[in-house]
Amino acid sequence: AVNRLGGPRVLEVGVGTGLALPHYRRDLEVVGVDLSREMLLKAQERVAAETLGHVQGLLEMDAENMAFADASFDVAVAMFTASVVPDARKLYAEMSRVVRPGGHMLFVNHFAAEDGFRWWVERTMAPLARVLGWHPDFKLSDLLGEGKVRVDRMEHCPPLSLFTLVEVRNG
């Protein structure tokens, strides 16, 4: 999805071990941030092993308080990160700050079902899931607020549509 968007400067928030880094177009300038030094070391090994010259930096940084200037990036993406940070709305606000006006923010995450069988399963499994560090009751509004942000696109992702890609244009 990032590869289809305009603008060369891309920020991956919660880059982890860098699994997505080889999938970005080579003409993009990618910077990844993560709070885990150990994960970043693995990402650096991946960048070196796969000669990923488009990766401009891998930085240890708190996603809720980044050291970048305002409007530093054209696109920011956070995959499987929003539900594990202490304050998802603060994450959104910080990503919004570092993405230029009109730029794009993408989130891939599990968002709670509104109703139906999946809703029932998520609510039933929530106590066990929380012990494992997963939040099946995490709602899109926990990230974006109630009706404050216009979502440009939502796309369910495999497997079983458990994850959703949410695209927002920075206003």
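Predicted model: local features only at pLDDT ≥ 70, side-chain atom pairs only at ≥ 80, totals over all residues.
Contact here means heavy atoms within 4.5 Å. Axes are lines fitted to C-alpha atoms, for helices over the stretch in contact, and angles run from 0 to 180 degrees between N-to-C directions. Helices (H or I, at least four residues) and strands (E, at least two) are DSSP runs, numbered from the N terminus.

With that, take helix 2, residues 88-98. It lies across strand 1 (9-13), strand 4 (73-79), strand 5 (99-109) and strand 7. Its direction is about 140° to strand 5.

Residues are numbered from 1 along each chain as its sequence is written, and side-chain values use heavy atoms, with hydrogens and water left out.

Now the sheet. How many strands form it, and in what order? Seven, in the order 3-2-1-4-5-7-6. The sheet is open and the pairing is mixed. Two strands pair if DSSP finds at least two bridges between them. Strand 3 (55-60) and strand 6 (151-157) are the edges; each has a single partner strand, so one side of each lacks a neighbour in the sheet. From one strand to the next, the twist averages 15°.

Strands 2 and 3 are parallel, with five bridges. Val-30 stands opposite Val-55 of strand 3. Helix 1 (residues 37-49) lies across strand 2 (29-34) and strand 3, at about 165° to strand 3. Strand 2, helix 1 and strand 3 form a right-handed β-α-β unit. Right-handed means that, with the strands pointing away from the viewer, the path from the first strand over the helix to the second runs clockwise.

Cys-157 has Phe-163 of strand 7 as its bridge partner.

Phe-163 brings us to the rings. The whole structure holds three aromatic pairs. The criterion: rings of Phe, Tyr and Trp (its six-membered ring) with centres within 6.5 Å; planes under 30 degrees apart are stacked, over 60 edge-to-face, the rest tilted.

One of them is Phe-80 with Phe-163, edge-to-face, at 5.1 Å centre to centre and 85° between the planes. Phe-80 lies in the loop between strand 4 and helix 2, and Phe-163 in strand 7, so the pair ties together parts 83 residues apart in sequence.

Another is Tyr-92 with Phe-107, tilted, at 6.1 Å and 35°. Tyr-92 lies in helix 2 and Phe-107 in strand 5, so this pair ties together parts 15 residues apart in sequence.
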